[in-house]
Each structure stands twice: as structure tokens, then as C-alpha cells.
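Student: Please take a close look at one part of this model for me. I would like the helix packing first, and then the setting around it.

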Amino acid sequence: MQHFKGLGRIGLAMLLVGLISAGLLTAMPTQASAQQKTIKYGTMHPLTGAYAVLGRDQMRATEMAVEEWNAKGGVLGHKIIWVHRDDELKGNVAIRRAKELVEEEKCDFIGGTLSGSISLAMNEFACKTKTPYVAYCMSDMVLGSDQCEYGAAFMVVPYAASLAVAQYAFKNVGKKWFAITADYRWGHSLLEGWLWQSQQMGGQFLGNVYVPLGTTDFSTYYAKVLAAKPDFIVMNNLGADQTAAIKQASELGLTKNIKIFCTKTAQHTIKELGPAYNENVIGGMSFYYKLRDKYPGAKKFVDKFMKKYGAPPEQDGECGYVATNILFMAIEKAGTVSDKKKIMEAMQDIKYQLTKGPEYLRGCDRQRVQSYVLVKGKGAKAKGWDLADIVAEIPGDKIIMSCEDNAKKLPFINIKLPK
Amino acid sequence: MFEIPWNVIAMQFFFGIALGCIFVLLSSGMSIIFGLLDVVNFAHGTFAMLGAYAVFVVISLSGSFVVGLVSAVVIVGIIGMIVEFLFLKPLYGKDPLLPLLLTFGLSVAIPDLIKIIFGLIGKPVNYPEALSGTLMLGSVIIPGYRLFIILFTLVALISLWLFLKRSDLGMIIRASTRDSLMVQTLGINVSRIWTFGFGLGVGLAALAGAIAAPMMSATPDMGVDMTMTAFVVTVVGGLGSLGGAIVGGLLIGLVVAFTAFVAGEYSSVSMYFCMALILLVRPRGLFGEQGRE
């Protein structure tokens with residue numbers, strides 16, 4: 001009482017005004033947000049670590065897709081709020097981040113990741129929490145018991161990349177091959193694909209070396225390769241490992257005499273390698289920016305991305321862009337933002353043409369059926385982002401197994417990997 | 001299956017020696033730092049990474065690979081001396097954990113700084129045309145650049161030996177590793193010796209990074225594995241022993257090379273197995289001193 005006596009009437013009035021204002025200020029946003037409907041989309045990407053370049057591309061392309069949808073009023077009248085996290089390309093971190101996105105951020109939908117093994121964990125999490133998940137990476141999540149009605153995969157299945165590159169290699173180069181394979185699940189999946197395609201096309205498998213992730217000196221593996229005398233070498237690796245492998249292959253003169261096929265490659269790898277990524281090095285990608293010369297959708301996407309970010313998008317960015325678009329298209333098709341099961345059902349067999357030719361998300365396993373592109377390096381002639389030329393685009397239907405086979409992991413489950 | 005000819009074994013041996021030379025430079029630097037300062041430098045690989053970027057920048061400006069190599073040592077050596085003077089020196093005489101934590105912090109902060117300055121995409125470092133190509137010794141293929149690595153490392157080590165053995169400053173550095181208090185008592189500013197020694201140590205790491213850069217590109221995160229390798233080789237050779245660094249480096253290089261040949265998936269861990277084996281038999285390392293385990 002003594003305190004209030006001290007305040008006086010004017011002081012008390014000011015206090016009351018302040019309290020009322022505070023109440024109004026906190027009330028207003030709630031009223032505003034109640035008027036503005038929103039949905040929340042959370043994504044994860046490796047923004048630190050060795051694959052940060054690709055993770056950043058995924059993030060940028062997602063941002064672009066979300067902006068485009070919000071510019072036309074959101075989805076079903078709901079503004080899209082997008083949040084993202086760094087999964088550091090680590091499984092335990094990714095699961096923590098996924099929980100943050102769903103439980104703390106209250107995301108309605110989740111997407112992203114670059115690692116196939118993380119996507120499996122995310123897929124499992126999505127199934128448990130019944131949160132639709134769109135995977136941006138090469139993933140085995142559509143195979144066998146890993147399938148789940150709340151997960152959809154938007155890059156090719158690993159084996160599909162192998163089939164595409166192998167079909168080209170056996171047809172155009174030769175039959176004898178030797179592989180260098182990153183020693184983890186993704187690398188093994190690629191090798192399985194190669195071994196199967198080799199059996200189909202009369203290939204002669206000469207051998208394989210498993211190389212731990214993060215290896216910087218490949219010269220110690222090339223002696224074995226040289227002794228085998230293959231027609232071509234297969235690189236089942238990516239990123240810094242691939243950069244070191246090709247650089248050292250070039251150092252040994254291998255890139256002058258033997259063709260090298262990179263089952264999956266990346267623009268920034270080609271840029272880093274410069275002259276070493278020459279005409280004898282052919283890499284596979286699910287998207288290469290020069291497709292803009294062929295597809296109007298690609299031109300629109302690439303030109304906008306380049307204008308916004310100063311560089312053409314990697315395949316990982318394109319994948320994120322398509323995945324985000326398809327998610328929102330499915331929400332529109334389902335006519336609901338809250339019935340997640342209905343949204344996933346609407347995603348099945350959805351047909352579209354966004355960044356390449358006509359594509360669809362296969363209904364039985366929610367796997368995007370898309371083409372795979374092969375590019376040949378330009379070596380010393382590369383300038384700016386003109387790093388490689390497209391030599392082939394393998395149609396999606398030629399490199400994906402049937403629904404029944406995928407469900408049983410056939411035929412690759414029968415492939416015995418070399419020790 | 002194909003047979004393994006003797007020339008392939010010879011090539012593998014050669015590759016192992018070349019790889020070992022990079023390890024030797026790395027661990028020599030770490031040995032000097034530990035011998036002189038008793039500091040475990042968790043940022044050693046980070047300085048190697050700085051060497052790779054330094055050679056990239058200098059080659060871009062000057063067009064000369066040799067100038068790039070020498071500049072990498074000088075530039076990173078100076079950076080190392082500044083780091084020692086500003087950050088490490090205040091920690092001497094305090095908890096021995098503090099310098100370790102500091103260098104660990106540097107190993108995280110410096111790569112992030114490099115990413116901000118140079119971006120996330122690695123930088124290609126190319127050696128001169130004269131070093132490209134391969135030589136044939138009978139039926140053994142010898143890449144020109146690997147031969148250069150071996151010869152250059154030999155020259156660097158001889159220079160280091162001559163400096164440490166024949167120069168006054170080298171003599172003071174050697175004396176300081178034995179008994180810095182005695183050296184101080186003789187009126188020599190040991191503090192400056194420590195600063196120089198740290199700069200020399202990281203300069204050697206930078207040389208390792210600069211030499212390795214053409215093989216793998218300069219990337220911000222390339223230092224992580226290099227730090228671990230430096231630790232392994234230094235422990236195998238014996239803490240604070242330069243001779244041990246040389247023998248340890250070459251040994252580990254050969255172990256990794258031949259493991260890659262026989263069982264590629266174990267090549268990365270083979271150096272740790274080797275370290276464990278040696279420590280079981282000789283805990284102080286091959287050339288380490290008693291009491292310094």
C-alpha cells in the first residue's frame with residue numbers, strides 16, 4: 001500500500017495503461033495468426049561438414065519453392081512457414097533435429113537429408129509419428145520392409161543410378177571393369193546395381209576395392225586397378241573422396257588412357273577437379289543444369305536459381321525443389337492440410353512436369369520415376385560453369401524395377417558382393 | 001582373378017613411401033612443438049590446411065608452384081607465431097589442459113573462417129607440367145609428382161637437420177627442448193625461441209598440406225584427418241623425437257599402402273592397429289625418451 005501511495009494517481013494510471021497495452025500487444029499477433037492460416041514445413045540438410053555445398057543447394061532450392069508457393073497465396077489458402085535444421089550428415093543428430101521439427105516446431109511435414117542412411121531413419125521416424133516425409137536423397141527407403149506410407153523418395157534409387165551408367169558403359173566403352181567403392185551402404189548399393197547390369201550385358205567384373213569414407217590417398221589402390229587392365233574404372237563414391245580419386249587417377253595418367261565412370265557425380269566436384277575431369281571421365285546425375293536447353297521447365301528453374309544464388313543448381317537442389325512442389329501439389333489435390341494420410345494417398349501416381357520431361361511419383365512405393373543424365377567432362381576446355389556436356393539421358397522406366405521387385409528388394413538381394 | 005606381379009608390389013612400396021613423406025612432414029612439425037613447448041597441438045592439421053590454401057593463393061597470384069610451397073611455409077609459420085604469441089603464451093605455466101583446449105578451439109574456428117573467405121567448394125591446386133606424367137623404371141610406373149614429393153621431403157629434412165645441428169638458433173632450440181630453464185639462465189630469451197619453434201612446427205605442417213593439396217584439392221575440412229594422422233605418427237615414432245617422426249611417418253605410410261592393397265576397407269584403421277601394437281611392445285614409441293610416454 002505504501003508503494004501504491006507513493007505512485008500517486010498519475011503513476012497508477014500509467015501502470016494501468018502499460019498493463020493494458022502489454023495485453024493488447026500479446027493478444028494482437030494471436031488474433032492475426034488466427035486469421036492467417038499457416039502450415040509448417042521443416043527440412044534438414046548437412047549445412048556443415050564435407051557435403052555442405054550440396055546441403056546448401058537443397059536448402060536454397062527449398063527456399064525458392066516455398067517462396068513461389070507463398071507468392072501465389074500458399075497452399076489451400078495457408079501460408080507456408082518453412083524452418084530448417086543442420087543434420088551435420090550424422091544419424092543421431094538428424095533424429096534429434098527431426099524430433100525438434102515435429103515436437104517443438106510443430107512441423108506438419110518434413111523433408112530433406114542428403115544421406116541415404118539418414119533418410120532410412122527419417123522414414124522410420126515419419127512412419128512412427130505419421131508425419132509425411134519427402135526424401136531429397138538417393139535412398140533405399142522404398143525397398144522391402146523399409147517402405148512406409150508416410151515416406152516418398154525424390155532422387156533415384158541407388159541401383160537406378162548404377163543401371164543407367166552401366167547400360168551406357170557396357171554399350172559404348174567395353175566389357176571389362178574394375179570398381180572403387182565407398183565402403184558403406186550407399187556404395188554397396190551402387191556396386192550391386194553394377195554387378196547385376198554387368199550380368200545382363202555380358203560384362204566382365206575384374207575386381208573391386210572398398211575404400212573407407214574420407215580416404216585422401218587413392219594411389220595405393222590404383223596399383224591393383226592397373227594390374228587388372230580394365231576397359232573402364234567405376235567410381236562408386238562422391239564428394240571429396242571422388243575428387244581425390246580422380247585427381248590421383250589423372251596424376252597416374254589413368255584419365256588419358258582409361259575411361260572412368262562416376263556413378264554419381266556433382267558439379268562442384270567437376271569444378272574442383274578442373275582439367276583432371278576430362279573427356280575420359282563420365283559422371284551420372286539426376287539433374288544437370290544444361291537440361292535447360294532441352295526442357296522449358298529446366299530453363300525456368302535454372303535461370304531463376306542462378307539469378308538468385310549466382311550458380312546453377314546441383315541435382316540435390318533440383319530434387320529438393322521438386323519434392324517441395326510435389327508435397328504442396330499433393331496437399332492441393334487432397335484438398336486438406338491436416339489429413340496426412342489423404343495427402344500421401346494424393347501423392348501416389350501424381351503426374352507432373354517441372355524440371356525435366358513428364359514424370360510421376362509411383363503409387364506403389366512413392367518413388368519418383370525420373371531420368372538419369374550422363375555428363376562428360378570438358379577438361380582443360382571447361383570455363384566458368386561450362387564444365388561438362390550431356391552425353392545421354394536414360395529414361396526413368398529403363399532403370400527402375402517393378403513394384404513387386406522393389407517390395408522384395410529383387411533382384412539385388414541375390415547379388416553377392418565381393419569381399 | 002589376376003596375378004599380382006612384382007612391379008605392382010614395387011609400385012605400392014613407392015606409393016607408401018610418398019604417402020609417408022607427407023606424414024613425416026606433419027609429424028616432424030608436431031614433434032618440434034611438443035618437444036619444445038610440451039603442447040599437444042590439436043590444430044596441427046588445420047595449419048596443414050592453411051598451407052594448402054596458402055599455396056593455392058600464391059600460385060594464383062604468381063603462377064609458380066615452388067614459390068607457392070615456400071610461401072606456404074613462411075605465411076603459415078608467421079600465422080603460427082602470431083597465434084603462439086597472442087593465445088598460447090598467456091597459458092604457459094597454467095593448467096596443461098588449457099593449451100589443448102585452445103588448439104582444439106582453433107581447429108574448429110579456423111576452418112569455418114576459411115569457409116567464409118573461400119567458400120565451401122574446394123580449390124584446385126595444380127603442379128607444374130614438368131612434374132606431371134609418369135616415369136618408367138623397368139615395368140614400374142612412377143608418377144612424377146610422387147617422386148617430387150619424396151625428393152622434396154628429403155631436401156626439406158636435410159635442411160631442417162642442418163639448421164638444427166649446425167646453426168646457433170638450431171642449437172638453442174635443441175637445448176631448449178632439453179632444459180629451457182638452463183637456457184634461460186644463460187640469458188637467452190626462451191620465450192622468443194618458443195614462438196619461433198611453434199612457427200617452425202606449423203610451417204612444416206603447412207608444407208605437408210601444400211604438398212598434399214595437388215593430390216586432393218584444398219578443402220576447409222581436410223585438416224581433421226591430418227591432425228589424427230600426425231598424432232598417430234608422432235606417438236609411433238616417439239613424442240618429441242624427430243628421428244622417430246621420420247621413421248614413424250614412413251612406416252605408417254607403408255602400412256596404409258599395403259593394407260589398401262590387401263584389404264582396402266581397413267586401410268584407414270590400419271595405422272591405429274599399428275600404433276596399438278607398437279605401444280604394447282614399446283610404450284614410449286620407437287625413438288621416444290623414457291618418461292615421455
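Tutor: Two residues are in contact if their C-beta atoms, placed from the backbone, lie within 7 Å. Keep that cut-off in mind; the model is a predicted one.

Start with a single residue. B:P214 lies in helix α8 of chain B. Setting aside neighbours within four places in sequence, B:P214 is in contact with B:V125, B:N126, B:Y127 and B:Y145. Is B:P214 buried or exposed? A residue is buried if 20 or more other C-beta atoms lie within 10 Å of its own. B:P214 has 27 other C-beta atoms within 10 Å, so B:P214 is buried. There is also a pairing across the sequence. B:P214 and B:A52 are 162 residues apart along the chain, yet their C-alpha atoms are separated by 8.6 Å.

Helix α8 of chain B covers residues 190-216, and it packs with helix α6 of chain B, residues 168-178. The angle is about 100°, and the axes are 10 Å apart. Angles of 65 to 115 degrees count as roughly perpendicular, so α6(B) is roughly perpendicular to α8(B). Which residues meet there? From α6(B) come B:I172, B:I173 and B:S176. From α8(B) come B:V190, B:I193 and B:G197. By class, this contact has 4 nonpolar and 2 polar residues, with no charged ones.

Helix α1 of chain B (residues 6-37) and helix α5 of chain B (residues 144-166) have axes that come within 9 Å. They cross at roughly 35°, and the crossing of α1(B) and α5(B) is left-handed. On the α1(B) side, the contact is made by B:F14, B:F15, B:I17, B:A18, B:C21, B:I22, B:V24, B:L25 and B:S28. On the α5(B) side, the residues are B:R146, B:I149, B:I150, B:T153, B:A156 and B:L160. The classes for α1(B) with α5(B) are 12 nonpolar, 2 polar and 1 charged.

Next, the partner chain. The contact between the chains takes 35 residues from chain A and 33 residues from chain B. On the chain A side, the elements giving two or more residues are α2, β7 (204-211), α7 (219-228), α8 (239-251) and α10 (267-273) of chain A. The largest share, 8 residues, comes from α7(A). By class, the side of chain A that touches chain B has 16 nonpolar, 11 polar and 8 charged residues.

Then chain A itself. It has 14 helices and 15 strands. Its C-alpha atoms fill a box of roughly 95 × 45 × 40 Å along the principal axes. Of the 419 residues of chain A, 55% count as buried. Among chain A contacts between residues at least 6 apart in sequence, 66% join residues at least 24 apart.

Chain A is divided into domain 1 (38-156 + 293-369) and domain 2 (159-285 + 372-414). Over C-alpha atoms, the centres of these domains of chain A are separated by 26 Å. Their contact takes 22 residues from domain 1 of chain A and 22 residues from domain 2 of chain A. On the domain 1 side, α2 (52-71) and α4 (116-129) of chain A each supply at least two residues. That side of domain 1 of chain A divides into 12 nonpolar, 5 polar and 5 charged residues.

Key: Residues numbered from 1 in each chain as written. Chains lettered and ligands numbered in written order. Predicted model: local features only at pLDDT ≥ 70, side-chain atom pairs only at ≥ 80, totals over all residues. Domains from an automatic or database assignment. Helix = DSSP H or I, 4+ residues; strand = E, 2+ residues; numbered from the N terminus. Nonpolar A, V, L, I, M, F, W, Y, C, P; charged D, E, K, R; others polar. Axes fitted to C-alpha atoms, helices over the stretch in contact; angles between N-to-C directions. Parallel < 35°, antiparallel > 145°, perpendicular 65-115°, else oblique. Buried ≥ 20, exposed ≤ 12 C-beta atoms within 10 Å, placed from the backbone. Left-handed = near helix turned anticlockwise from the far one by under 90°.
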